[in-house]
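Please look over the structure below together with these notes. They are set out as numbered points.

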Amino acid sequence: MFRTTLTALFPLFGFLARLYPQEQPHSFKCEPTRLQFELRHHHAVSHDAHILFTDAPTTALTQGHEPHTITTRRLSAFRPPSFGAHEAARIRSIRHAQSTDLPWYETEIVGPDVEHRETLLELAKMTNNAYVTPDDAAWYTLGDDWNNPYPFGWEPDADGMRGYVFATPDNATVVLSIKGTSTAIWGSGGPTGKKDKLNDNLLFSCCCARIDWTWTTVCGCYRGGWNCDQTCLGQALAKENLFYPIGANLYNNLTYMYPTANIWIIGHSLGAALASLLGVTFGVPAVAFESPGDRLAAKRLHLPLPPSTHHVTHVYHTADPIAMGTCNGILSSCALGGYAMETKCRLGRSIVYDTVSNLSWAVDIRTHGIVSVINNILSKPWQASSEAGREVPSAKADVDCVECFSWEFGDFPTG
């Protein structure tokens, strides 16, 4: 077991490489395969935005339990020539409003089979577990096959981005699971709640969480009326202590630790949006459960977008007002909790469960939680899909999606 911050992490990478020997990349096969995963690391972020890693104890991984399995499939993704080139293009756009034509290259990768219900179910359980420690009653054991490791390395006083790292026994595939928002509205709250809310309001509000005159904005880009300064919004999201740049550093650390592995990124709510944004950045599979709209966040982060983002899959249902982009307005449940969740347009493709029509659910923020998705949607066959000869609804891209239509974004210098 080790713990270190980002600045002290690099000397240990050699040790990790020896501890978890790498295999050569596997050749692609036409038929789908099933991968087995086990918990490898806990990760968290300290008060000063340093990344903390902890190994899951070896004894916890070898106590007679078999890991859980996920069905895979082949898919294509577009990747930038390097993360450095991607970041340079992003910073150039932020500082100088100049775009860069990145030479994206297309590659074939192994990703989760999102058309398989049990695969979505297993990934959803992984995302739930990002919220809790393994000794918590809310931790999903994933049937009789799951290991129950000790919760070392998931520091209770760390107030930033949290999650877990899972890996196959041969280290060929690694899954990064990112925790979403912890709040009394749809969770148990905790030390990360304050920064979770800041990132929510920066990423998913139209203009700095400006709901009405009674709200204190989270950035200084509001210019009166319905005017919002676009350049200011990009600069507000460029701070290194926000979750997107922390997530990018975390992903880069994993590629150093597992240089030949396929890396997948998953999450729920805020964690889902981060998974999607990082998946687009690095060209890796991402599965996002009940995410707010992330397309506006990608624009404000000035992310260079590849020719296709179909390697990113959103999964949500129609009774969730956060995922549907309807949890807004001064009297909404989100606003009453201090959240301006106003976006609804997404990158990638979306698997949408129509729980309002098919299950007669009322739109209710309490259905946003990942446990509701696991127990009430993914744990049983979806009748509407079964009747069409499918296991899950068809994944479709957002077309002609419009959000924040009341606002005017542009160059509005301060008085």
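1. H8 passes H9 in a right-handed crossing; a crossing counts as right-handed if the near helix is turned clockwise from the far one by less than a right angle, and as left-handed if anticlockwise. Helix H8 covers residues 243-257 and helix H9 residues 270-282, and their axes come within 10 Å and cross at roughly 60 degrees. H8 and H9 are therefore oblique to each other. Axes here are lines fitted to C-alpha atoms, for helices over the stretch in contact, with angles from 0 to 180 degrees between N-to-C directions; under 35 degrees is roughly parallel, over 145 roughly antiparallel, 65 to 115 roughly perpendicular, and the rest oblique.

2. On the H8 side, the residues that meet H9 are Phe243, Tyr244, Gly247, Ala248, Tyr251 and Asn252. H9 contributes Leu270, Leu274, Leu277, Leu278, Thr281 and Phe282. By class, this contact has 9 nonpolar, 3 polar and no charged residues. Nonpolar covers Ala, Val, Leu, Ile, Met, Phe, Trp, Tyr, Cys and Pro, charged covers Asp, Glu, Lys and Arg, and the others, Gly among them, are polar. Contact means heavy atoms within 4.5 Å.

3. On the source: this is a predicted model, in which local features need pLDDT of at least 70 and side-chain atom pairs count only at pLDDT 80 or more, while totals for chains, interfaces and linings use all residues. Residues are numbered from 1 along each chain as its sequence is written, and side-chain values use heavy atoms, with hydrogens and water left out.

4. The protein has 15 helices and 13 strands, taken as DSSP runs (helices H or I, at least four residues; strands E, at least two) and numbered from the N terminus. Of its 415 residues, 57% are buried, where buried means under 20% relative accessible area, exposed over 50% and partly exposed in between (1.4 Å probe, protein chains only). Among contacts between residues at least 6 apart in sequence, 75% join residues at least 24 apart.

5. The structure holds 7 aromatic pairs. Rings of Phe, Tyr and Trp (its six-membered ring) pair if their centres lie within 6.5 Å; planes under 30 degrees apart are stacked, over 60 edge-to-face and the rest tilted. Trp139 and Tyr164 have ring centres 5.2 Å apart and planes at 85 degrees, so this pair is edge-to-face. Trp139 sits in the loop between helix H5 (117-129) and strand E5 (163-167), and Tyr164 in strand E5, 25 residues apart. Trp139 is buried at 5% relative accessible area, and Tyr164 is buried at 0%.

6. Tyr353 and Trp382 form an edge-to-face pair, 4.9 Å centre to centre with 85 degrees between the planes. Tyr353 belongs to strand E11 (residues 349-353) and Trp382 to the loop between helix H14 (370-378) and helix H15 (383-387), so the pair ties together parts 29 residues apart in sequence. Both residues are buried.

7. Which residues of H14 are buried? They are Ile370, Ser372, Val373, Ile374, Ile377 and Leu378. These pack against H5, strand E8 (262-268), strand E9 (286-289), E10, E11 and helix H13 (355-358).

8. Two backbone angles deserve a check. Most residues other than glycine have a negative phi. His302, not a glycine, has a positive phi of about 60 degrees and lies in the loop between helix H10 (295-300) and strand E10 (312-317). Cys404 has a positive phi near 55 degrees, in the loop between strand E12 (395-397) and strand E13 (408-410). Cys404 is buried, with a relative accessible area of 10%.
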